[in-house]
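Hello,

Here is the structure I promised to pass on. Please look it over, then read my notes below.

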Amino acid sequence: ENGKSADGGAPPDAELAGSASAEVTPKVLVVDGEAQYRLQLGQLVSRLGLSVEEAGTGSQAMAVLKDRAAEFYAVITELYLPDEQGSQLLSRIRGELGLALPVV
């Protein structure tokens, strides 16, 4: 069997969910201006079984999300980034990118 449905389309949803969950680790984008805090928070998030990517500024975070938003499960940001406030980053994620990712 080729893994497709009887009509030749994509595999049934149950098969997709099973294969996706076995292969994909949810990724969190950690945004903090201080490298030591990004590292510490990233280690905590990793212990929860999540993959981590880091950004040091709001602009870096936006560039990452613009290119690869589908890879991320959530964003964790500090309130006062070097180039903008965390609330501004949230507004840009929602407004400019149109993403509904959880942002903490």
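Helices here are DSSP runs of H or I with at least four residues, numbered from the N terminus. By that rule, R38 sits in helix α2, which spans residues 35-47. Keep in mind that this is a predicted model.

R38 first. Its relative accessible area is 14%. The cut-off for buried is under 20%, so R38 counts as buried. The side chain of R38 reaches the backbone oxygen of D32, at 2.6 Å. Beyond its neighbours within four places in sequence, R38 is in contact with V30, D32, G33, E54, A55 and G56. Take G56 from that list. R38 and G56 lie 18 residues apart in sequence, yet their C-alpha atoms are 7.9 Å apart in space.

Now the sheet. It is open, has three strands, and runs in the order β2-β1-β3 with parallel pairing. The edges are β2 (51-55) and β3 (72-77). Each has a single partner strand, so one side of each is left without a neighbour in the sheet. Neighbouring strands are turned by 25° against each other on average, direction ignored.

Strand β1 covers residues 27-31 and pairs with β3 in the parallel sense over five bridges.

Helix α2 lies across β1, β2 and β3, and runs at about 165° to β2. Helix α3 (residues 58-68) packs on the sheet too, touching β1, β2 and β3. The direction of α3 makes about 160° with that of β1.

Best wishes

Key: Residues are numbered from 1 along each chain as its sequence is written. This is a predicted model: local features need pLDDT of at least 70, side-chain atom pairs count only at pLDDT 80 or more; totals for chains, interfaces and linings use all residues. Side-chain values use heavy atoms; hydrogens and water are left out. Helices (H or I, at least four residues) and strands (E, at least two) are DSSP runs, numbered from the N terminus. Buried means under 20% relative accessible area, exposed over 50%, partly exposed in between (1.4 Å probe, protein chains only). Contact means heavy atoms within 4.5 Å. A polar contact is a pair of N or O atoms within 3.5 Å; within protein, one must be able to donate a hydrogen and the other to accept it, and residues adjacent in sequence count only if both atoms are side-chain atoms. Two strands pair if DSSP finds at least two bridges between them. Axes are lines fitted to C-alpha atoms, for helices over the stretch in contact, and angles run from 0 to 180 degrees between N-to-C directions.
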